[in-house]
Amino acid sequence: MLSIGKLGQGQEAYYVETVAEGAEEYYVSRGEAPGRWMGRSAAGLELAGEVDGGDLAALLGHLDPRTGKPLTLGRSAPKVAGFDLTFCAPKSVSLLWAFGSPEVAAEVVAAHGAAVDAALGVMETEAARVRRGKAGRDVLDADGLVAAGFRHRTSRAGDPHLHTHAVVANIGHLTADGRWSALDARHLYRWAQPVGYLYEAHLRDELTRRLGVAWGPVHNGIADLAGTSRAAIDAFSTRRREILEHLEAHAVTGGRAAQVATYATRRAKTSAVSSGDLRAAWVAQAAELGLDPVALGEPMTVWAPSRAFHLADFEILDELAGPTGVTERRSTFDRRNLVKAICDRLPAGAPVDHVIVLADEFLASDVVFAIGDVEPPSRWTTLDLLDCERRLVDTAVSVRHRRSGVVGRETATAALDAHPALSMQQRVMVAGLCRSGQGVEVVIGAAGSGKTSALAAARDAWGRDGYAVIGCALAARAAQQLQDGAGIPSTTLDRLLGDLEAGRRRLHGRTVVVVDEAGMVGTRQLESLVARAAAARAKVVLVGDPAQLPAIEAGGALAGLARRLGHHELTENHRQTADWERQVLADLREGRITEVADSYQRHGRLDTSDDVEAVIDRWWEAHERGADVLLLAGRRDQVRSLNRSARARMRDAGRLGPDRWQVDGHAFAIGDEVVALHNDHHLGVLNGHLGRITGGDDDHINVTLTDGSHVCLPLEYAEAGHLDHGYALTIPQGTRPHRRRDDRARRRHPRPRARLRRPLPRANHQPPHHRPGRRVRRPPTRPQPTDEHRRPGRPHRRALRRRRHGHRSVGVTC
C-alpha cells in the first residue's frame, strides 16, 4: 500500500531533527536502518548513500545542499516542503519478518526494499512533473525525483509494521532549461494508487522467488500470505484499529480525515528497543492471544517456477479485453486503471517492469481503441465493449419498423380516457408507445415527471389488446415500485435474464418489456435483453434519466439510444408543488449546483453539519415530533457511525428492549429500526425494505415493514449479513426508498464522495435536502478553528458538484 502526506513549511524541522539527532520520534531510532538517498535527480545534487540531516533540511527548503544557495527562483521557502510517500508491506508480510528466522527476515527486508525502488521508479516516470509558462499552464516531464528513504520496522503502537518513508522534496529539475522548480503534485496523487498496486505486485513476486511463499486472493491490489489467519492480522494491527475507531467516532472518511485521525491518535515511537526485545515481546503477545509464533514465521509455500507468471500473460490480456476485464465497470480507461487491473490479476505478483510491458502490449494491441484525437492518447476502450454497443444500436435500429406492441386507435383512446389525470405530455407519450410500433423505445423523464403514471396507462392499453406486459429494473426496490405504481408485474433485470437463459420464462411477439431506471443498467446487460427481445419479436421500453446516477457497470447506452432512435420526453414536474422546488430540481438535473444550494438555503431547506451529535439531536427532535425521518450519509462507515449514535439515543430514551440477537458484532432488540439488504421473495423482503423489530424468538426475528406488512426472518438471514440497523442509509439507498418520507435529516461530510453528488428524489412533495418548518443558520464558508476535520469552502456544493465520468458511453457507436 502507498499513502501520501504533505510536509508543510516548518514541518521539515520535525523530520530533520529526528534524522540528525536520533531522537525518539519518527525516522531514525536505535535499530532502524539509516536513511538513504533515492531518485534519479539526487545524483545531480551529488546526493548518494546515507542521508545527512543538514542536506535534507536544505533540500526541503529548496536550497542546494552543496552551496546553501536557493535552487528555485522563489524568494521565500515553499509552503509545501515535500511529500511523504509511505510504502507499507501487508501485515502478513510484516508478521513473517517479525516471527521468521533471521534468514527469512533478511529476505523479507530485501524484497521490500526492491519493491520500493521499483515502484518509486514508476512514480518518477509517470508523475515527476513541473510547470512552466504563464500561470504554469505548460506541464513538462521532470528529470526525476529527489527523495530520502527511511525503512521502519514497527508501528507507533509497537506492532510489526515493515514500511518505508520516501520523503520526496517538492522540487524537480528540467534539463531543457536547467531550472529547478516546485513539482506539479497533482500527478503524484493521481498515480499514488497504481504505484501502490505495483509495489504490492513486485513484493509478491520477490517473496515468491526468494521464499516460495503462497498467496491468498488479491483484493484492491493487496494480498496476504496464505496461511496467515485473520485473527493474527487483527491482533497486530493496533494502529489500524485506533485510526478506524477515531474515524467512526467522528463519522468522517476519506484521505484527509484518515490523515487527521492518524495525527490525532499518534503516540511517540519507542526508540530504545532492540530487535531482540521487540521479537521477544511479540512472541509473548502471540502466546497470550493463543497464536502460534512458529507458524507465523513459517508460511505456506508453493515453490512455483521463478517465472511462472509468464504462463498466464495471454490469459491476463484476454481477460482484460473481455466483459470481466478493464471495461467491466467503466466504459473508458486510462493507463492507471489498466495497471491496477493487471496487478489485480497477478496473485503471485510480477516485477514492475513486466507489468509495464504488459500494459504497453495491451494498449498497442488490436483489442483496444483510443478515444479522442489527443496524441499520444490518454484514454481507451475495448473493442469488446464497442462491439457490444454496436450490436445494441444495430439491433435497436433494425426493429424500428417491426410494428411491435401496437394497439388499435380506439383501444389507446379508451385507455387514455380511463386515466383522465394525465397531462398532455403524458398522453402523447402513451399514444406514442402504443401506436409507433418501434421494437425499442426510449422514455426520458426527470424525477417527478410522471413516468410511472404514464406507464400505468400504457400498460392498460396493451392489456386491453392482449399483450403481456412485464417489467424489470436493476434493483428489486425499483422493480417493486414499478409494479406498485404502474401495475406491471416486475422483477430484477438479473432475475429476468436468468429466467430467460434457463428457459423458465419466454418472450414472444405479444410481450412488452418495460425497463425502469434504464440509465443505471450496464451496456452488456441491456444488449443481452434487447437481443433476446428482438429474436422473439417482443417490444422493449427503456425508461430513465441519463442525468441521474450512472450505471453500476460500463454504461451510458440509454443516452446513445435516445440520440439514435429518438425518444419520448417528460419535462413537467408533477411531484413538487412549489415553483421554486420545481426549479431547484431542474437546476440540479442540469448541474447548476450553485443555484441549487443558494435556493435551498434561502428557503431554509438545506441543513449541513460536520457534527454527528448535532445531526443526531436534529434527527431525534424530528423523530419525537412523529415525523418519518431518516439519516442519509455518503459512505457505509458514516452510516455505521450514525446508526450507532441513533441507536444509543433510542436506548437512552427507553425505546429499545434488551439486546436479544447478537449477529456478527451487531446487536438487535425489539424496537430497533432495520433495513433488509438482500432480496428473498419467499420471505417477502427486498433489498432496501425498512421496518421495525416487533418480536421473535431465538431462531426468528419478526419485523413490521413500513408498508404495514409483517415478515418473519430466520436468524440465518441476519447471520448472512442481510439485516442491518436502518436509522441511517447511504445516499443511493435513501434516495429511492420503499416507503414515503415526510422528513429527512442529512449527515454531511466535509469531503463527500461522488455518490453524494445528485440524488434526485422520489419522496412526495419534498426536495432532496428538505427539513420542513425548520430554518438553520447558513454554514460558514471558512473553516472553524475548533473543528480539526473541517475544510474551507462549501461542502454541500462540492458534494453536489462531483461527477463520475467513467461510466459514460464511449460515444463511438451510440
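A salt bridge is taken here as a side-chain nitrogen of Lys or Arg within 4 Å of a carboxyl oxygen of Asp or Glu. The model is predicted, so that local features need a pLDDT of at least 70 and side-chain atom pairs count only at pLDDT 80 or more, whereas totals for chains, interfaces and linings use all residues. Residues are numbered from 1 along each chain as its sequence is written, and side-chain values use heavy atoms, with hydrogens and water left out.

Under the salt-bridge criterion, Lys539 pairs with Glu441, and the closest N and O atoms of the two residues are 2.7 Å apart. This pair links distant parts of the chain, with Lys539 in strand β16 (residues 539-544) and Glu441 in strand β12 (residues 440-445), 98 residues apart; helices (H or I, at least four residues) and strands (E, at least two) are DSSP runs numbered from the N terminus. Lys539 is buried, with a relative accessible area of 0%, and Glu441 is likewise assigned as buried, at 3%, where buried means under 20% relative accessible area, exposed over 50%, and partly exposed in between (1.4 Å probe, protein chains only).

In total, the structure holds 29 salt bridges. Side chains of opposite charge can pair when their charged atoms come close. One of these bridges joins Asp360 to Arg335, with 2.8 Å between the closest N and O atoms. Here too the pair links distant parts of the chain, Asp360 lying in helix α14 (residues 352-364) and Arg335 in helix α13 (residues 335-344), 25 residues apart. Asp360 is partly exposed at 37% relative accessibility, whereas Arg335 is buried, with a relative accessible area of 19%. A further bridge, between the side chains of Asp234 and Arg230 (3.2 Å, N to O), lies within helix α7 (residues 230-235), and because the two residues are four apart in that helix, they are separated by about one helical turn. Of this pair, Asp234 is partly exposed, with a relative accessible area of 37%, while Arg230 counts as exposed at 51%.

The overall architecture of the chain comprises 29 helices and 27 strands. Of its 814 residues, 56% count as buried. Among contacts in the chain with a separation of 6 or more, 72% are accounted for by residues 24 or more positions apart, a contact being defined by heavy atoms within 4.5 Å. The chain exposes about 34100 Å², and carbon and sulfur atoms supply 50% of this area; accessible areas come from the Shrake-Rupley method with a 1.4 Å probe, and for residues only the protein chains shown count as cover.

On the surface, Asp697, Asp698, Asp699, Glu716 and Glu719 gather in a patch of negative charge. Patches are made of residues with over 30% relative accessible area and no salt bridge, like charges being joined within 9 Å and nonpolar side chains (Val, Leu, Ile, Met, Phe, Trp, Tyr) within 5 Å. Lys and Arg count as positive and Asp and Glu as negative, without counting His or the chain ends, and the place of a charge is taken as NZ of Lys, CZ of Arg, CG of Asp or CD of Glu.

Ala457 is located in helix α18 (residues 451-464) and is buried, with 0% relative accessibility. Leaving aside neighbours within four places in sequence, Ala457 is in contact with Ala415, His419, Leu422 and Val430. The C-alpha atom of Ala457 lies 8.7 Å from that of Arg427, the two residues being 30 apart in sequence, and the C-alpha atoms of Ala457 and Asp417, 40 residues apart along the chain, are separated by 9.3 Å. Asp417 itself is placed in helix α16 (residues 409-417) and is exposed, with a relative accessible area of 52%.

Backbone geometry was examined for two loop residues. Most residues other than glycine have a negative phi, and most peptide bonds are trans. Glu517, however, has a positive phi, near 50°; Glu517 is in the loop between β15 (511-515) and α21 (523-536) and is buried, with a relative accessible area of 10%. Arg537, which is not a glycine either, has a positive phi of about 65°. Arg537 lies in the loop between α21 and β16 and is partly exposed, with a relative accessible area of 46%.
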